[in-house]
Amino acid sequence: MLNAAMIKKSVQLVILIMMAYAILTNWELMRQKTSNLVHGLSNLRLNSGGSSLGTLQGEAALLMDEKTGEILYSKNPHMKLYPASTTKILTALIALEKGDPDAIVTVGDEAQLRTPDESSAGLYEGQQLSLRDLLSALMLPSGNDAARTIARYVSSQELGRAVSAEEGISCFADLMNEKAKELGARESHFVNPHGLHDPDHYTTAYDLAIIAKEARKNKLFKQIVSETERSVTAGQETQTFVNRNKLLQNTDENYYDGANGIKTGYTEMAGYCLVASASRQSANLIAVVLHSTSTGVWYDARTLLNYGFAMDKAIPGSPAEKNIASIR
């Protein structure tokens, strides 16, 4: 017969098993609640400093110190969302690591995969451009056609043979997922180089910040994403690629002093997305906004950057404190 002590131990064991099961089955919910708590604490820290961030329209947002990787502010940083064309940050990073910027690349029949209303750089089959110019076509006008050509080129280099457009995109997606995991962006999964909607193509604000931080270590990447436009000549034709990042355009109402990148994005499912970077005095910041509105995405990015630069000014003895620049 069971004595009272044995019964008590059995009950305790059952309770522990039930608690473990509850934790495992509700892990995602618990992580999200933890993320919301961190967000709330971040707001408290912000408000205690005498500055209020206000309400961001984006479903997720994050502000990172580019130099240290410190997260200065976050809202739902680990929520899995669709990245749209901010995907192309990772595409460009891999292209620069795997390819030669001076290599001449011929646009193939992947140019025929263009879908209605998608963003395009206007490339055509048989056109020859340097990889560097293809990256401008990718990052400035957000050319999905450039993304497909880059994916096919890099995959051919990686496999040591010519590949079809479809095989090139599949191989490149594998490279994207490998690179993301290598960087610690483990909450993401990519299936294409451009960001057109796919249920299995997703990321988080945190992961995008990690990827952007790594990409900005490359000098050519930083140069390309900071350009307001670039004209390239192929044969007898000259094309001008205009950057869709309004933070860079000094004639736009959303222009932001110190902005130097990085990438816009939009699909109906992803909403308006933006990974922005800016530098002032001693501070270099990366701001990520996911699933915002057409106007809110710019407000959100500027608000995040303003907060980050205000924090930099508050550091005693910092160059920014000694030589305060106006925040627009």
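**Aromatic pairs, cores and a pocket**

Y73 is buried, with a relative accessible area of 2%, where buried stands for under 20% relative accessible area, calculated with a 1.4 Å probe on protein chains only. The model is a predicted one, in which local features need pLDDT of at least 70 and side-chain atom pairs count only at pLDDT 80 or more, while totals for chains, interfaces and linings use all residues. Residues are numbered from 1 along each chain as its sequence is written, and side-chain values use heavy atoms, with hydrogens and water left out.

Three aromatic pairs turn up when the whole structure is searched, a pair being two rings of Phe, Tyr or Trp (its six-membered ring) whose centres lie within 6.5 Å, with planes under 30 degrees apart counted as stacked, over 60 as edge-to-face and the rest as tilted. The ring centres of Y73 and Y307 are 6.1 Å apart and their planes stand at 80°, so this pair is edge-to-face. Because Y73 belongs to strand β2 (residues 71-75) and Y307 to helix α9 (residues 296-314), the pair ties together parts that are 234 residues apart in sequence; helices (H or I, at least four residues) and strands (E, at least two) are DSSP runs, numbered from the N terminus. Y307 also counts as buried, at 6% relative accessibility.

For Y256 and F309, the ring centres are 6.4 Å apart and the planes lie at 20°, so the pair is stacked. This pair, too, links distant parts of the chain, since Y256 sits in the loop between β6 (237-242) and β7 (259-267) and F309 in helix α9, 53 residues apart. Both Y256 and F309 are buried.

The largest nonpolar core holds 60 residues, of which L135, M139 and F221 touch the most other members; such a core is a set of buried Ala, Val, Leu, Ile, Met, Phe, Trp, Tyr and Cys residues joined through side-chain atoms within 4.5 Å. Another core, of 24 residues, lies apart from it and has L53, L72, L247 and L248 among its members.

The largest pocket is lined by 25 residues, of which R244, G265, Y266, T267 and Y272 lie nearest its centre. A pocket is here an open set of points on a 1 Å grid over the protein atoms alone, where a 1.4 Å probe fits and protein lies on both sides within 12 Å along at least five of seven lines, and lining residues have an atom within 4 Å of a point. The largest share of this lining, five residues, comes from β7, and β7, β8 (271-280) and α9 each supply at least two residues.

How values were computed. Buried means under 20% relative accessible area, exposed over 50%, partly exposed in between (1.4 Å probe, protein chains only).
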